[in-house]
Amino acid sequence: MILTTTPTIQGKNIVEYKGVVFGEVIAGVNFLKDISASVRNIIGGRAHHYEEELIQARAEAMREMEERARQLGADAIVGIDIDYEVLGETNGMLMVTASGTAVCVE
């Protein structure tokens, strides 16, 4: 499966548009990661636990989107966009949404 943020694929012709596909993940961040991030906020540096959570959520959203494209018979997704939001009363949930257009190429 070819995955790209561009609307076309160099050297390939889009022969069929299958439709827009999405992958969504909502992940909770546990309180130990919150404590670690709070310390980082005070002393500086990167919040590796949050970064790992973000990387994992993004990868899961991409996999879900790719699987949905496969179910439509597509062999590529163009125009991929990834959005991030925080949810919940205390912003303790991370939502990652991946979307793109499933296509067939030759």
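User: Which residues does V21 touch, leaving out those up to four places away in sequence?

Analyst: Bear in mind that this is a predicted model. V21 touches M65, R68, A69, L72, I77, A98, S99, G100 and A102 once residues up to four places away in sequence are set aside.

User: OK, and where does V21 sit, and is V21 buried or exposed?

Analyst: V21 belongs to strand β2. V21 counts as buried because its relative accessible area is 3%, and the cut-off for buried is under 20%.

User: How far apart are V21 and S99, in sequence and in space?

Analyst: They're 78 residues apart along the sequence, yet their C-alpha atoms are 5.6 Å apart in space.

User: Now the core. Which members of the largest nonpolar core touch the most other members?

Analyst: That core has 15 residues, and V21, M65, A69 and I77 touch the most other members. β2 (14–28), α2 (48–71), β3 and β4 each put in at least two residues. The largest share is from α2, with five residues.

User: What is A69 in contact with, leaving aside neighbours within four places in sequence?

Analyst: A69 is in contact with M1, V21, A74, I77 and A102. Apart from this core there's another one, made of five residues, including I9, A76, V103 and V105.

User: Switching to strands. How do β3 and β4 pair?

Analyst: β3 pairs with β4 (residues 93–105) in the antiparallel sense, over 10 bridges. For instance, E85 has M95 in β4 as its bridge partner.

User: What's between β3 and β4?

Analyst: Five residues, and the two strands form a hairpin. In the turn, G88 has a positive phi of about 100 degrees.

User: And which way does β1 run against β3?

Analyst: Strand β1 (residues 2–3) and strand β3 (residues 76–87) run parallel and are joined by two bridges. There, I2 stands opposite A76 in β3.

User: Last topic, the surface. Which residues form a nonpolar patch there?

Analyst: I26, L87 and M93 do, and together they have about 230 Å² of accessible area. L87 is in strand β3.

Note on methods. Residues numbered from 1 in each chain as written. Predicted model: local features only at pLDDT ≥ 70, side-chain atom pairs only at ≥ 80, totals over all residues. Heavy atoms only, no water. Pairing = 2+ DSSP bridges. Helix = DSSP H or I, 4+ residues; strand = E, 2+ residues; numbered from the N terminus. Core = buried A, V, L, I, M, F, W, Y, C linked by side-chain atoms within 4.5 Å. Buried < 20%, exposed > 50% of the residue type's maximum accessible area, 1.4 Å probe, protein only. Contact = heavy atoms within 4.5 Å. Patch = residues over 30% accessible without salt bridge, like charges linked within 9 Å, V, L, I, M, F, W, Y side chains within 5 Å. Areas by Shrake-Rupley, 256 points an atom, 1.4 Å probe, with all protein chains shown as cover. Salt bridge = Lys/Arg side-chain N within 4 Å of Asp/Glu carboxyl O.
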